[in-house]
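Please look over the sequence and the structure below before reading the report that accompanies them.

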Amino acid sequence: MRILNVLKITIGIMLLSGNAASAQDGDPAETEVWAPEPAVVTPGDNGGPPSDAIVLFDGGSLEAWEHPDGSDVTWTVENGAMTVKANPEWGAGDIRTRQGFGDVQLHVEWMASPDDKDDSQGRSNSGVFLMGLYEVQVLDSYDNRTYSNGQAASIYKQHIPLVNAMRPPGQWQVYDIVFRAPTFGDDGELASAATVTVFHNGVLVQDHVEIQGPTVYIGEPSYRAHADRLPIVLQDHGDRVSYRNIWVRELD
Ligand code: MG
């Protein structure tokens with residue numbers, strides 16, 4: 001009976017608002033916008049790349065990547081993932097995309113090693129550096145306290161994540177990142193700061209925050225003019241962190 005009453009009221013409100021709309025003067029077509037028509041994109045399944053994405057790593061080839069000196073990547077590739085070489089064979093170094101990117105939507109899956117018993121910044125540390133300069137921190141922050149602006153999904157030393165959405169080590173984590181590159185005037189001065197939005201395992205952790213400058217370990221960040229497109233870098237911090245299913249969509 002109560003449900004019936006709620007239904008009656010709901011229908012009543014719908015009818016009222018319908019009447020209100022039809023009582024307006026003018027042509028509704030005047031506010032219809034038909035151009036441009038958004039391009040058709042076929043979405044991916046289970047975090048897979050949409051049809052307009054550039055696949056950076058699909059579990060096999062490392063062709064899209066290089067070490068910063070231009071040499072071929074020597075990270076380990078097995079079981080559909082690429083993994084930083086940890087102690088005692090570490091030192092392979094960071095890797096970067098051969099292609100440069102500016103504004104992007106970036107999907108990255110990563111996994112912290114369950115065998116890493118170090119703590120704070122020492123546990124499965126890596127990082128996703130947008131334009132090779134602006135770090136979204138990768139760290140095992142599952143039951144591992146460190147400084148808040150240095151935990152997983154922080155914009156390292158700049159922005160604390162809104163929440164800690166970590167899965168335990170040994171499980172795959174997902175970052176979905178929307179990054180807008182900074183712009184610079186002809187005089188080399190900053191015209192607009194970079195911004196970034198990050199979802200960690202589907203949970204909003206960075207909400208369109210303004211980046212203060214390239215990531216620095218010590219001191220305050222400050223911008224310096226750089227190219228419109230620069231490689232995306234994955235950090236070798238000497239910890240056995242794995243990556244898979246990496247794709248990017250250019251937004252500019
Ligand atoms: Mg890092």
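The model is a predicted one, in which local features need pLDDT of at least 70 and side-chain atom pairs count only at pLDDT 80 or more, while totals for chains, interfaces and linings use all residues. Residues are numbered from 1 along each chain as its sequence is written, and side-chain values use heavy atoms, with hydrogens and water left out.

**Metal site**

The magnesium ion has as protein donors N125 (OD1), S126 (O), E135 (OE), Q137 (OE1) and Q235 (OE1), which lie 2.3 to 2.4 Å from the ion. Donors are N, O and S atoms within 2.8 Å of the metal (3.2 Å for Na, K and Ca), and since water is not among the atoms, sites may look incomplete. Along the chain, the donors of the magnesium ion follow the spacing N-S-x8-E-x1-Q-x97-Q. N125 is in the loop between strand 6 (104–111) and strand 7 (126–130), whereas Q137 is in strand 8, so the pair ties together parts that are 12 residues apart in sequence. Helices (H or I, at least four residues) and strands (E, at least two) are DSSP runs, numbered from the N terminus. Both N125 and Q137 are buried, where buried means under 20% relative accessible area, exposed means over 50%, and partly exposed lies in between (1.4 Å probe, protein chains only).

**Nonpolar core**

The largest nonpolar core has 46 residues, of which M82, L106, I177, F179, Y243 and I246 touch the most other members. A core of this kind is a set of buried Ala, Val, Leu, Ile, Met, Phe, Trp, Tyr and Cys residues joined through side-chain atoms within 4.5 Å. At least two residues of this core are supplied by each of strand 1 (54–57), strand 6, strand 7, strand 8, strand 9, strand 12 (195–200), strand 13 and strand 15 (242–250). Strand 6 gives the largest share of this core, four residues.

**Aromatic rings**

Six aromatic pairs are found in a search of the whole structure. Rings of Phe, Tyr and Trp (its six-membered ring) pair if their centres lie within 6.5 Å, and planes under 30 degrees apart count as stacked, over 60 as edge-to-face and the rest as tilted. The ring centres of F184 and Y223 are 6.1 Å apart and the planes are at 70°, so this pair is edge-to-face. The pair links distant parts of the chain, with F184 in strand 10 (residues 183–184) and Y223 in the loop between strand 13 (203–210) and strand 14 (233–234), 39 residues apart. Y223 counts as buried, at 18% relative accessibility. One aromatic cluster is formed by Y134, F179, F184 and Y223.

**Salt bridges**

Nine salt bridges are found in a search of the whole structure, a salt bridge being a side-chain nitrogen of Lys or Arg within 4 Å of a carboxyl oxygen of Asp or Glu. The table gives three of these pairs.

| Salt bridge | Closest N and O atoms |
|---|---|
| D72 and R98 | 3.2 Å |
| R244 and E109 | 2.8 Å |
| R229 and E250 | 2.6 Å |

R229 is in the loop between strand 13 and strand 14 and E250 is in strand 15, so the pair ties together parts that are 21 residues apart in sequence. R229 counts as partly exposed at 40% relative accessibility, and E250 counts as partly exposed at 34%. Salt bridges that share partners also join E66, D72, R96 and R98 into one network. As for the remaining pair in the table, R244 is partly exposed with a relative accessible area of 30%, while E109 counts as buried at 5% relative accessibility.

**Surface and backbone**

L162 is in the loop between strand 8 (134–138) and strand 9 (172–180) and is exposed, with a relative accessible area of 54%.

A cis peptide bond, with omega about 0°, joins A35 and P36, and P36 is in the loop between helix 1 (2–22) and strand 1. D143, although not a glycine, has a positive phi of about 55°; D143 is in the loop between strand 8 and strand 9 and counts as exposed at 72% relative accessibility. N201, also a residue other than glycine, has a positive phi near 55°; N201 lies in the loop between strand 12 and strand 13 and counts as buried at 16% relative accessibility.
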